[in-house]
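The sequence and the coordinates come first, and the description follows.

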Amino acid sequence: MPRTEGSALYPNQFSENIAGSRPKVNILAAKSVTTCQFIHGSSSHSAGKESMSAESETLIEIKDLHFSYGDRKVLDGINLQVPRGKVVAILGASGSGKSTLLRLIGGQLRPDQGSVRVDGKVIHELDHKGLYDMRRNMGMMFQAGGLFSDMSVYDNIAFPLRELTDLPEALIRSLVLMKLQAVGLRGTTKLMTSELSGGMARRVALARAIAVDPMLTIYDEPFGGLDPISLNVIALLIRRLNDALGATSIIVTYDVSESLKVADYAYLLYKGVVEAEGTPAELLASDAPFVEQFIHARPTGPVAFHMESPPYREDLRISA
Ligand SMILES: Nc1ncnc2c1ncn2[C@@H]1O[C@H](COP(=O)(O)OP(=O)(O)OP(=O)(O)O)[C@@H](O)[C@H]1O
Ligand SMILES: [Mg+2]
């Protein structure tokens, strides 16, 4: 098992060691179709969707989701839906439970109560194979990157293609170069991940998340560490990829302005629940104090900057 940077997660960033049985899919035809569609900007896509049913307009349905780390309650009854084909932003202050929610969607964590249903299947009820099949259709860009530190950029992106498909090496090479071209880093194939800047590593992580043209791509803080130009390009890339592949995307971030530019719909998490939701236009026009403070990044309002902690004077042992 290769080493990863900042996390011990598996590529496509799912933590379980699922090495035992990895059925490969022959996606040769699917890949060439989807990649061409992306390059030519086509908006219709059917290849690669086979294993996800088209029964419902809703790809992800989360109902009354509760989760705690020990005594620390993080999610306290989340309800949300992600429609197929859309880009949905999940916003919230640092520590509000966004990454935790993604781990529950990916099946890395098990809910204390409630459920996450993806493509009609309750994630925590899936067996090992069911979960693996589900994850094959998900691409995940983790907040910590999770790149393999002992592999080149090229091999990092080729890894999921080699693991999950039977594509010949020549085609894998073309796909790797296309993904790197999309994130503006085609010249970095030979670099080791330790030779990348923070922003470059984020872009390589993104290229890897989309390597197999997944049906559902989940981006955890895709904009962290990017310079303003890269940030804009990556935001637009997420939108364009989603539309070109007919896929579904979740962007988890605290970068409100950038995510609202590309999302169709957004949920705002606060104190373990969805405190507000709406289209970007609805949220931008809202005068609800919480939404206003969050959307316009106001320093004062219902959202506190400090995490819950004992009184300051008491902590510093200053007597009155
Ligand atoms: N593995 C863990 N064990 C215990 N507590 C955890 C763990 N991971 C996260 N937490 C706690 O759960 C809460 C939510 O964390 P999470 O990482 O989901 O927040 P986030 O919204 O993604 O924050 P950020 O925007 O800073 O990435 C935090 O209070 C954090 O301390
Ligand atoms: Mg996070």
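## Shell around ligand 1

By class, the shell around ligand 1 holds 3 nonpolar, 8 polar and 2 charged residues. Here Ala, Val, Leu, Ile, Met, Phe, Trp, Tyr, Cys and Pro count as nonpolar, Asp, Glu, Lys and Arg as charged, and the others, Gly among them, as polar. Ligand 1 is surrounded by 13 residues, of which Tyr 69, Ser 94, Lys 98, Ser 99 and Thr 100 are the closest. A residue is near a molecule if its C-beta atom, placed from the backbone, lies within 6 Å of it.

At least two shell residues come from each of strand S2 (72–83) and helix H2 (98–105). H2 gives the largest share, 3 residues. Helices (H or I, at least four residues) and strands (E, at least two) are DSSP runs, numbered from the N terminus.

## Model and confidence

This is a predicted model, in which local features need pLDDT of at least 70 and side-chain atom pairs count only at pLDDT 80 or more, while totals for chains, interfaces and linings use all residues. Residues are numbered from 1 along each chain as its sequence is written, and chains are lettered from A and ligands numbered from 1 in the order in which they are written.

The protein has a mean pLDDT (the predictor's confidence in each residue, from 0 to 100) of 81, and 81% of its residues reach 70 or more. Residues 3–53 have pLDDT below 50, and beyond near neighbours in sequence this stretch has 94 contacts in the model. Two residues are in contact if their C-beta atoms, placed from the backbone, lie within 7 Å.

## Helices H4 and H6

Helix H4 (residues 153–164) packs against helix H6 (residues 198–209) at an angle of about 25 degrees, and their axes are 8 Å apart. H4 is therefore roughly parallel to H6, a term for angles under 35 degrees. Axes are lines fitted to C-alpha atoms, for helices over the stretch in contact, and angles run from 0 to 180 degrees between N-to-C directions.

From H4, Val 153, Asn 156, Ile 157 and Pro 160 meet Val 204, Ala 207 and Arg 208 of H6. This contact has 5 nonpolar, 1 polar and 1 charged residues.

How values were computed:
Angles under 35 degrees count as roughly parallel, over 145 as roughly antiparallel, 65 to 115 as roughly perpendicular and the rest as oblique.
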